[in-house]
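User: I would like to learn how to read the features of a protein model. Please take me through them one by one.

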Amino acid sequence: MIRKLLVANRGEIARRVFATCRALGVETVAVHSDADADAPFVAEADHAVRLPGNTPAETYLRIDLILDAARRAGADAVHPGYGFLAENAEFAAAVTDAGLTWVGPPAKAIAAMGDKMAAKALLAEAGVPMLPTWTDADEITDFPVLVKASAGGGGRGMRVVRDAAGLAEAVASARREAAGAFGDGTVFVERYVERGRHVEVQIFGDTHGRVAVLGVRDCSIQRRHQKLVEEAPGVLPDEVRTALHESAVAAGRAVDYVGAGTVEFLLAPDGEIYFLEMNTRLQVEHPVTELTTGLDLVRLQLLVAEGEPLPVAATPPAQGHAIEVRLCAEDPAQGYRPATGTLHRFAVPGVAAEFGPLAGPGLRLDSGVVNGSVVGVHYDSMLAKVIAWAPTRAEAARALAGALARAELHGVATNRDLLVRVLRSPEFAAVDLDTGFLDRHPEVFAPLLPDDQLPPAALAAALASAAARRASATALAGLPSGWRNVPAFPQVTRLAGPDGEIEVRYRLDRSGGLAEWSVSPGAGSAAPADAPTPDGAAPTAGPTPDGAAPADAPTPAVTLVGAYPDRVVLDVDGVRRAYRVHRVSSEVFVDGPDGAASLAELPRFGDPTVELAAGSLVAPLPGAVTRVHVEVGQRVAAGDLLLTLEAMKLEHPVLAPADGVVAELPVAAGGQVDTGAVLAVVDPE
């Protein structure tokens with residue numbers, strides 16, 4: 001039996017495996033990079049071994065360092081998690097050659113499925129349906145097609161190409177991204193099916209020749225070919241489900257599969273299914289299968305690795321419905337740009353279990369972060385998985401959306417609002433799903449907080465900040481903030497908001513009530529006071545200091561019910577609204593009933609600073625400049641690709657904001673840049 005298990009991974013999957021190990025009485029060993037030294041998974045392990053360095057290539061992809069860590073810690077088994085070396089046949093063989101128990105399929109099976117082209121040929125012989133596939137781009141005449149990495153998955157190295165003109169660049173870009181993520185830049189091309197659904201079958205094999213099906217998941221909601229929303233059981237016709245089960249078992253038996261595996265398929269609009277790939281590991285989305293079958297898949301992995309027979313029925317019936325979302329540190333409105341920084345608060349309400357089973361309808365949280373966690377640039381942007389289980393799909397979606405909407409996620413931009421809008425969309429409710437869902441529904445990218453509710457949220461931020469200052473005052477602490485013997489001027493708070501500067505003006509009466517208030521774009525705002533905001537809505541303001549309201553803006557009647565350092569209650573147009581306020585230095589995070597706002601209080605008198613040159617393009621996050629496509633003096637058009645920045649394992653294009661001439665290019669290919677560094681300056685025409 002396994003006594004001490006090393007998890008060759010990080011983040012939430014390491015914590016997930018450790019949770020089962022604690023329940024089974026198995027000791028745990030973590031390995032960690034320098035960047036992860038203070039991460040929660042390291043603190044939860046019984047033993048931890050440092051891997052010197054920060055990048056995956058220096059740490060989690062080093063087979064020699066991980067085996068040495070197992071030896072030093074006295075581990076007798078290794079669990080690969082997912083990603084990194086999880087589907088590396090060389091690693092699996094090295095673990096077994098070192099006399100350790102490998103918690104995963106045999107190296108032979110990993111190798112067979114790891115080469116996607118060889119896997120297609122092998123499984124086609126076993127009767128598994130396939131899409132037309134090419135390895136020579138010159139042979140392709142029928143578009144659209146999908147370029148895919150042969151050695152990995154997770155959406156990396158994938159590009160949709162709709163015409164021959166874009167094929168060469170898509171192949172080159174996919175090769176670079178695949179080489180960076182998997183160490184192998186081999187790619188192939190297959191036919192792209194419009195409006196197809198991504199469905200997958202969880203299989204489990206043991207050393208006694210059994211291959212069981214544990215259900216079908218639907219993972220069609222994706223961004224950049226990476227899954228965002230997953231559910232089980234997939235809502236499918238019985239005949240499609242049967243065909244999926246049969247094809248998945250045939251795939252498993254073709255390679256004598258042992259352990260947890262997932263066979264992924266594309267479900268075309270005409271009902272035909274096509275093999276995509278087989279993942280020889282535990283999937284990120286395994287919790288939805290656990291919650292609908294009552295099984296602990298990590299426990300099954302350990303039992304099978306110990307040589308025990310699989311203790312489950314061939315196809316256990318699904319109970320209820322589970323939906324999982326991937327909460328990521330990224331900004332969907334900015335092309336899913338990854339976000340970095342300190343997670344000042346991470347709180348999801350109503351969580352009934354972490355990394356384990358639920359006693360009834362409720363929420364499960366599998367998280368790699370806690371309050372104070374630092375989100376860096378070296379690894380994937382996923383922060384956590386939030387999963388809801390309920391007797392019906394509609395109940396699960398409603399519960400999950402409600403919990404996400406009320407979550408307090410402070411310090412790092414996330415995709416929370418996008419996830420909530422997807423779960424609440426009528427199309428999701430009607431199971432009108434496919435992998436192009438997000439492309440067809442731009443409305444889900446809108447923030448939850450409506451434009452007309454930003455002013456009350458900004459007012460709440462200003463009032464809470466004032467209350468905090470009064471609470472810490474050493475003189476006349478009982479006076480209301482801003483009290484004057486002869487009131488003449490309102491209090492003014494300047495905030496940095498989502499679209500620029502916001503100016504909040506308010507005056508309290510002698511009883512501490514709100515006598516007057518207004519919220520408008522400040523002098524430094526991206527939009528002038530008389531201009532539409534970026535989404536087309538007019539600026540919203542309350543009464544002006546003299547009591548008159550702007551003619552072109554709605555004027556909510558606001559009464560102050562109570563203002564405290566961490567909570568403000570306002571009566572807005574006869575409806576009482578409570579705002580939770582969290583202040584960290586100058587940052588102010590406001591969570592209200594309609595959504596959240598991340599603001600920053602600006603100094604009343606700003607220090608003079610050197611302004612950036614007009615047309616400057618700055619790095620949105622730290623990263624490496626992989627390619628520079630232009631040179632100084634070159635004329636460019638709006639949208640032209642200037643350079644490519646790589647961060648969090650993905651390439652991010654930097655585009656010209658307008659027609660003009662490249663005036664400055666202070667970076668070179670291969671250089672590292674920090675957030676805010678000037679990448680290029682384009683003089684507009």
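Analyst: What follows is a walk through the sheet, the cores, the salt bridges and the aromatic pairs.
This is a predicted model: local features need pLDDT of at least 70, side-chain atom pairs count only at pLDDT 80 or more, and totals for chains, interfaces and linings use all residues. Residues are numbered from 1 along each chain as its sequence is written, and side-chain values use heavy atoms, with hydrogens and water left out.

User: How do I read a sheet, and in what order do the four strands of the open sheet lie?

Analyst: Helices (H or I, at least four residues) and strands (E, at least two) are DSSP runs, numbered from the N terminus. Two strands pair if DSSP finds at least two bridges between them. Here four strands make an open sheet, ordered β6-β9-β7-β8, with antiparallel pairing. The edges are β6 (133–134) and β8 (159–161); each has a single partner strand, so one side of each is left without a neighbour in the sheet. Strand β7 (residues 145–149) is joined to β8 by three bridges. Valine 160 in β8 is the bridge partner of leucine 146.

User: Which helix packs on the sheet?

Analyst: Contact means heavy atoms within 4.5 Å. Axes are lines fitted to C-alpha atoms, for helices over the stretch in contact; angles run from 0 to 180 degrees between N-to-C directions. Helix α6 (residues 116–125) packs there and touches β6, β7 and β9 (187–191). The direction of α6 makes about 45° with that of β9.

User: What is a nonpolar core, and which residues touch the most other members of the largest one?

Analyst: Such a core is a set of buried Ala, Val, Leu, Ile, Met, Phe, Trp, Tyr and Cys residues joined through side-chain atoms within 4.5 Å. Buried means under 20% relative accessible area, exposed over 50%, partly exposed in between (1.4 Å probe, protein chains only). The largest core has 100 residues, and Leu5, Leu6 and Val229 touch the most other members. Beyond its neighbours within four places in sequence, valine 229 has contacts including Ile221, Ile323, Leu419 and Phe428. A second, separate core has 30 residues, among them Leu449 and Val588.

User: How many salt bridges does the whole structure hold?

Analyst: A salt bridge puts a side-chain nitrogen of Lys or Arg within 4 Å of a carboxyl oxygen of Asp or Glu. The search finds 40. Take glutamate 12 and lysine 385, at 3.3 Å, N to O. Glutamate 12 is in helix α1 (residues 11–24) and lysine 385 in strand β23 (residues 382–390), so the pair ties together parts 373 residues apart in sequence. Glutamate 12 and lysine 385 are buried. Arginine 16 bridges to glutamate 290, with the closest N and O atoms 2.7 Å apart. Helix α1 holds arginine 16 and helix α9 (residues 286–293) holds glutamate 290, so this pair ties together parts 274 residues apart in sequence. A network of salt bridges links Glu200, Arg217, Lys227, Glu230, Glu264, Glu285 and Arg326.

User: How are aromatic pairs described, and how many are counted?

Analyst: The distance of the centres and the angle of the planes describe a pair of aromatic rings. Rings of Phe, Tyr and Trp (its six-membered ring) pair if their centres lie within 6.5 Å; planes under 30 degrees apart count as stacked, over 60 as edge-to-face and the rest as tilted. The count is five aromatic pairs. Tyrosine 60 and phenylalanine 84 have ring centres 5.0 Å apart and planes at 25°, so the pair is stacked. For phenylalanine 91 and tryptophan 102 the values are 5.4 Å and 85°, so that pair is edge-to-face. Tyr60, Phe84 and Tyr379 form one aromatic cluster.
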